[in-house]
Amino acid sequence: QLVLAGSHGTVLHVAVSSEGRLELLQKAKMGHDIACVDIHPFGGQEQSQFCIVGLWVDVSVNVLSLPDLKPVYKETLSTDLLLRSVLCANLGGVDYVFCGLGDGSLFVYVATFGGGKFELQLEKKLTIGSQPLTLSLFAGI
């Protein structure tokens, strides 16, 4: 799975063909420029059902369904600081969406979904540092 953020708020869902070429599966237009994207699957799934897109101007986290890139949920962060990074992860059987901001703050949301419904509930706001956060997933040995 591969999702790309293009200019002017364009989201592209692409796949690599058997010949090694990129093929466009779906294209969507967001309301503002894109700050960050993540498609890590929740709950140990092999393929992600959702794409998380962070936007610059309205400082929001948008959940799009895969493979069709249809909007299923939007959460506007309670800050005027810029969103720099989003990450989906399952920790201890709980699905989370982490949002890193430009001032070193981290918003932690619990994600719940099922039956065609998706929700984010704010768990915590933390200050990790004073520089923009870049989030990445890693696996322990």
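A disulfide here is a pair of cysteine sulfur atoms within 2.5 Å. Keep that cut-off in mind for the cysteines below.

## About the model

The model is predicted, so local features need pLDDT of at least 70 and side-chain atom pairs count only at pLDDT 80 or more, while totals for chains, interfaces and linings use all residues. Residues are numbered from 1 along each chain as its sequence is written, and side-chain values use heavy atoms, with hydrogens and water left out.

## Cysteines without partners

Searching the whole structure turns up zero disulfides. Take Cys51: its closest cysteine sulfur is in Cys88, and at 8.4 Å that is too far for a bond. Cys36 has its closest cysteine sulfur in Cys99, 7.3 Å away, again too far for a bond.

Both count as buried (under 20% relative accessible area, with exposed over 50% and partly exposed in between; 1.4 Å probe, protein chains only): Cys51 sits at 0% and Cys36 at 8%.

Strands pair if DSSP finds at least two bridges between them; E1 and E2 (residues 10-16) have four, in the antiparallel sense. Ala5 stands opposite Val11 in E2. As for Leu2, this residue lies in E1 (residues 2-5) and is partly exposed at 33% relative accessible area.

Technical notes:
Helix = DSSP H or I, 4+ residues; strand = E, 2+ residues; numbered from the N terminus.
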